[in-house]
Amino acid sequence: MTETENNLKPRIGVFSLTGCAGDQLMILNLEDTLIELLSKFDIKSFQEASSYSENTNLDIAFVEGSVSTEHDLKTLKNIREKSSLLIAIGDCAVNGCVQAMRNKQTSIAERMIDVYGVEDNIYKTFEPKGVGEYVKVDFEIPGCPIEKEEALNALISLLNGDAPLIPDYPVCVECKLNGYPCVIIEEGKPCLGPIITAGCDARCPGLGLDCVGCRGPIKGETNAKAELEALRKRGYADKYIINRLRFFAGNFDDIQILGVKENSKGDK
Ligand code: SF4
Ligand code: SF4
């Protein structure tokens, strides 16, 4: 490979903020195609794959993890400044994920006491949020973690100059396409499928389980109120439903506007 050939390849970087690094791992899990796929790109940084890292301008930056610390924010702004496209990968980067589940409910000091027994914010954290809360994001690939096929398709699309195709419909659609029985209707399970972004091929209902929402709410299209009513009718308490919604999407705006009794009693 000559230097000129290398210069024609899109320069990419894959970065982590606060999270488990599972989305980078899903890219690495593309074992069958990984070598060929990545040979089409000029990889300037890929934290989980190599200690090599070049601080340079990029065509595409993939960012996983939530913005939870001053260090995250500084890193993110630096990535945004030097990248033509910034793609948020995984629920942490898109919605804040599990670390955001208590946002607007408890203070950082209260959480520090609960977890570490001290009030001091020793890690200088603030309320975790997705990267789109701080910088312009060009595309989002949801999931906790992302689907590796979705990562593959996104990389191929980008290589061809196309936008990655991300479903804008709910998990229920995939459930119906697969002919799975609805676990809300048949079994009264508290499935979040009606308001969660598809793309997992309805994995959990396919196993007879209810969707817990790991791909996050469909942005701008979610009828959380209807979901709330559907689960209330089946005997679930507001607090239980809201906690489920919060599990992967504590920053999901619709939760704040539902006006439900978050302190209502009820374990179901
Ligand atoms: S099982 Fe869940 S995802 Fe499937 S149709 Fe019912 S509500 Fe939708
Ligand atoms: S069904 Fe729901 S919880 Fe299960 S993988 Fe899909 S989005 Fe995630």
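1. Let's start with ligand 1, which has 13 residues around it, the closest being C172, C175, C182, C191 and G193. A residue counts as near a molecule if its C-beta atom, placed from the backbone, lies within 6 Å of it. Helices here are DSSP runs of H or I with at least four residues, strands are runs of E with at least two, and both are numbered from the N terminus. By type, the shell around ligand 1 divides into 12 nonpolar residues, one polar and no charged. In this scheme Ala, Val, Leu, Ile, Met, Phe, Trp, Tyr, Cys and Pro count as nonpolar, Asp, Glu, Lys and Arg as charged, and the others, Gly among them, as polar.

2. A word on what you are looking at: this is a predicted model, in which local features need pLDDT of at least 70 and side-chain atom pairs count only at pLDDT 80 or more, while totals for chains, interfaces and linings use all residues. Residues are numbered from 1 along each chain as its sequence is written, with chains lettered from A and ligands numbered from 1 in the order in which they are written.

3. Which residues surround ligand 2? They are V171, I196, C200, A202, R203, C204, C211, V212, G213, C214 and R215. This shell divides into eight nonpolar residues, one polar and two charged.

4. For background, most residues other than glycine have a negative phi, and most peptide bonds are trans. The cut-offs are 20 or more other C-beta atoms within 10 Å for buried, 12 or fewer for exposed, and partly exposed in between, with C-beta atoms placed from the backbone.

5. Now to the sheet. Its five strands form an open sheet in the order β2-β1-β3-β5-β7, with parallel pairing; two strands pair if DSSP finds at least two bridges between them.

6. β1 is mostly covered, with six of its six residues buried. R11, G13 and F15 are buried on one side, and I12, V14 and S16 on the other. In general, the side chains of a regular strand alternate between the two faces of the sheet. Four bridges join β1 to β2 in parallel, with D42 of β2 as the bridge partner of R11. β1 and β3 also pair in the parallel sense, over five bridges, and here G13 has A61 in β3 as its bridge partner.

7. At the β7 end, β5 (residues 83-89) pairs with β7 in the parallel sense over three bridges, and A88 stands opposite E140 in β7. Helix α4 (residues 70-82) packs on the sheet, touching β1 (11-16), β3 (58-64) and β5. The direction of α4 makes about 135 degrees with that of β5; axes are lines fitted to C-alpha atoms, for helices over the stretch in contact, and angles run from 0 to 180 degrees between N-to-C directions.

8. I27 lies in helix α2 (residues 22-28). I27 is buried, because 24 other C-beta atoms lie within 10 Å. Leaving aside its neighbours within four places in sequence, I27 is in contact with V14 and A151, where contact means that the C-beta atoms, placed from the backbone, lie within 7 Å.

9. One more backbone detail to check on screen: the peptide bond from C144 to P145 is cis, with omega near 0 degrees. P145 is found in the loop between β7 and α7 (148-159).

Key
Contact = placed C-beta atoms within 7 Å.
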